[in-house]
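User: I would like to learn how to read a few features of a protein model. Please take them one at a time, general idea before the case.

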Amino acid sequence: MRRPLPPLNALRAFEAFARHGSMTTAADELCVTHGAVSRQVKQLQDQLGVVLVEGPRNRLQLTAAGRVLADGLKAPFDGMAQAVAAARSGPGARREIEIACLGTFAMKWLIPRLSRFVEQHPDLKVRVSESHGSVDFRHHACDGAIRIVDHDDPAFEARTAFLPNNHGPVVAAGLAGADLTLAALFRMPRLYATTYREGWRTWAAANRLDLPPPAAEREFGHNHSLIEAAAAGLGAAVIPWSFGAPDIAAGRLAAPFGFISRPASFVFLRPPGRADAAMDAFQDWLIVEGAATPAPPDPIAPA
């Protein structure tokens, strides 16, 4: 008997929104745009002929009908996620692992080193997908994820930290003369990434500096755009050492005041309770590569 169901993608988008309460977070989980999730939810409403969400665009809430549908979808989607995980790790499964990674970290640190893992494990295939939101392995299709986790996070000890997170201000190499002072740095346009606007504040606090209001601000959606903007001379940015090291080595960026340790680390997250020899191998490799990563320049006291 044919089941009169709406499109699965629309149901999946709605279930992700209902679980997170955010179109943006749902889009990150599904690796699509905010607009794509919004369109899928609207399509679902139109097909069902009921209103599922209501309120201002930035504060959407489930209606009574939306809560009924969300409650009914939870168990089926949890079951599908468990079935997919079992199939991927069962007998005869292809040994391909997917790692969900912060996009700039993948570009600047992970991918340049990945050939070494492939050489050591030629029987494994690694797929790197870009994401930066919270990780819920019941609904993410990935096998593992790389994130930055603060050391005061209660769950930090249960995660595998493999690389410290040092950060500091960078500018285009041509702007970093010997006479660059802290006052001159603060007069430059201040660059931010939308995903981590507090970079300047945390760096200044770690150095016990008063951060003056910016002369000008420029914001970018992703850290890799932020880095390109700094290299192009559009201003100064505070970034992690692992993001900037390749461009500093290439002479595109300079770090006039070095890098200072931030109480956070890059960590490897795995589904709890799932034994997987391939993921053990990848985790061990991350730890070795993290230990072999050159340390950043010593911080220079800002003058």
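Analyst: Note that this is a predicted model. Begin with the pocket. Helix 5 (103-120), strand 5 (144-150), strand 6 (160-172), strand 7 (190-193), helix 7 (199-206), helix 8, strand 9 (236-240) and strand 11 (260-269) each supply at least two residues of the largest pocket's lining.

User: How much space lies in the largest pocket?

Analyst: Rolling a probe the size of a water molecule over the atoms shows where empty space is left. Here the largest pocket holds about 910 Å³.

User: How many residues line the largest pocket, and which lie nearest its centre?

Analyst: The lining has 41 residues. Nearest the centre are L102, H132, R147, I148 and V149.

User: Which strand gives the most to the lining of the largest pocket?

Analyst: Strand 5 does, with four residues.

User: What is the make-up of that lining by class?

Analyst: The lining of the largest pocket counts 19 nonpolar residues, 15 polar and seven charged.

User: Helix 8 also supplies lining residues. Which of the residues of helix 8 are buried?

Analyst: Helix 8 spans residues 223-231. Its buried residues are N223, L226, I227, A229, A230 and A231.

User: Where does R208 lie, and is R208 buried or exposed?

Analyst: R208 sits in the loop between helix 7 and strand 8 (217-220). Its relative accessibility is 80%, so R208 counts as exposed. The cut-off for exposed is over 50%.

User: Now helix packing. How is a packed pair described?

Analyst: Two packed helices are described by the angle between their axes and the distance between the axes. Take helix 1 (residues 8-20) and helix 2 (residues 23-30). Their axes come within 8 Å and cross at roughly 125°. Helix 1 and helix 2 are therefore oblique to each other. The crossing of helix 1 and helix 2 is right-handed.

User: What are the angle and the axis distance for helix 5 and helix 9?

Analyst: Helix 5 and helix 9 (residues 241-249) pack at about 45°, with axes 8 Å apart. Helix 5 and helix 9 are therefore oblique to each other.

User: What is the handedness of the crossing of helix 5 and helix 9?

Analyst: Helix 5 and helix 9 make a left-handed crossing.

Methods. Residues are numbered from 1 along each chain as its sequence is written. This is a predicted model: local features need pLDDT of at least 70, side-chain atom pairs count only at pLDDT 80 or more; totals for chains, interfaces and linings use all residues. Side-chain values use heavy atoms; hydrogens and water are left out. Buried means under 20% relative accessible area, exposed over 50%, partly exposed in between (1.4 Å probe, protein chains only). On a 1 Å grid over the protein atoms alone, a cavity is a set of points where a 1.4 Å probe fits but cannot get out, and a pocket is an open set with protein on both sides within 12 Å along at least five of seven lines; lining residues have an atom within 4 Å of a point. Grid points are joined across faces, edges and corners, and a volume is the space filled by probe spheres set on the points. Ala, Val, Leu, Ile, Met, Phe, Trp, Tyr, Cys and Pro count as nonpolar, Asp, Glu, Lys and Arg as charged, and the others, Gly among them, as polar. Axes are lines fitted to C-alpha atoms, for helices over the stretch in contact, and angles run from 0 to 180 degrees between N-to-C directions. Angles under 35 degrees count as roughly parallel, over 145 as roughly antiparallel, 65 to 115 as roughly perpendicular and the rest as oblique. A crossing is left-handed if the near helix is turned anticlockwise from the far one by less than a right angle, and right-handed if clockwise.
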